[in-house]
Amino acid sequence: MQVICVDKDVRLLKRLDQISARSPWVRRVRGFTVAEEALQFAARESVDVAVLTLSPPHQEGLALAEKLRQLHEDIRLIFLSEEKEYAFEAFEAEALGYGLLPCSDEKLLSMLERACRMLPRPHHRVTLRTIPSFGIWVDGVPLHIRRPKALELLALLVDRGERGITAGE
């Protein structure tokens with residue numbers, strides 16, 4: 001998951017980078033002190049989550065969120081602010097999280113990991129048929145497994161379900 005963070009305070013950017021290193025979900029955090037630089041980055045790179053600060057004038061963070069959403073429809077937004085009065089505007093912008101600064105490391109990490117879990121998953125429909133013969137289809141297209149032993153093993157695993165099989169079997 002690629003995360004960008006936009007804030008004028010470099011300390012927050014470094015802190016978020018250190019916190020995210022504890023998460024197996026976060027691939028990279030890019031910090032920006034200028035909103036336009038973050039927007040240029042998002043125009044050429046895939047961005048999954050944006051952590052934006054809302055401070056007077058808070059419209060800059062909300063305007064940036066709207067522009068990021070135009071570039072990446074599925075982007076997850078997390079807002080941070082020293083004021084709780086901006087929470088309503090943040091959630092109107094479809095924010096996934098809102099943290100009051102100073103925000104604990106645990107709260108920041110929790111919001112990031114929740115954003116990861118809510119990213120869209122691929123929509124593949126897998127169909128298995130076991131009778132009269134074993135067959136597999138992915139999105140209606142037959143999946144051909146060339147090796148008979150591999151197909152036999154897959155059929156056995158499907159048959160056993162949660163019980164699985166042992167190496168001796």
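Mentor: Let us begin with a cysteine: Cys 103 is buried, with a relative accessible area of 5%, where buried means under 20% relative accessible area, exposed over 50% and partly exposed in between, for a 1.4 Å probe and protein chains only. This is a predicted model, in which local features need pLDDT of at least 70 and side-chain atom pairs count only at pLDDT 80 or more, while totals for chains, interfaces and linings use all residues. Residues are numbered from 1 along each chain as its sequence is written, and side-chain values use heavy atoms, with hydrogens and water left out.

Trainee: How many disulfides does the structure hold?

Mentor: A disulfide is a covalent bond between the sulfur atoms of two cysteines, and here it is taken as a pair of cysteine sulfur atoms within 2.5 Å. For Cys 103, the nearest cysteine sulfur, that of Cys 5, is 11 Å away, and for Cys 116 the nearest is again that of Cys 5, at 14 Å. The number of disulfides in the structure is zero.

Trainee: Is Cys 116 buried or exposed?

Mentor: The class follows from relative accessibility, which for Cys 116 is 2%. Because of that value, Cys 116 counts as buried.

Trainee: How are helix H2 and helix H3 oriented relative to each other?

Mentor: Helices are DSSP runs of H or I of at least four residues, and strands are runs of E of at least two, numbered from the N terminus. The axes, lines fitted to C-alpha atoms over the stretch in contact, with angles from 0 to 180 degrees between N-to-C directions, come within 10 Å for H2 (residues 35-44) and H3 (residues 59-71) and cross at roughly 10°. Angles under 35 degrees count as roughly parallel, over 145 as roughly antiparallel, 65 to 115 as roughly perpendicular and the rest as oblique. H2 is therefore, relative to H3, roughly parallel.

Trainee: Which residues of H2 make the contact with H3?

Mentor: Contact means heavy atoms within 4.5 Å, and on the H3 side it involves Glu 60, Leu 64, Lys 67, Leu 68 and Leu 71. From H2 come Ala 35, Leu 39, Ala 42 and Ala 43.

Trainee: In which strand does Val 51 lie?

Mentor: Val 51 counts as buried, at 2% relative accessibility, and, leaving aside neighbours within four places in sequence, its contacts include Cys 5, Leu 16 and Leu 112. The strand that holds Val 51 spans residues 49-54 and is S3.
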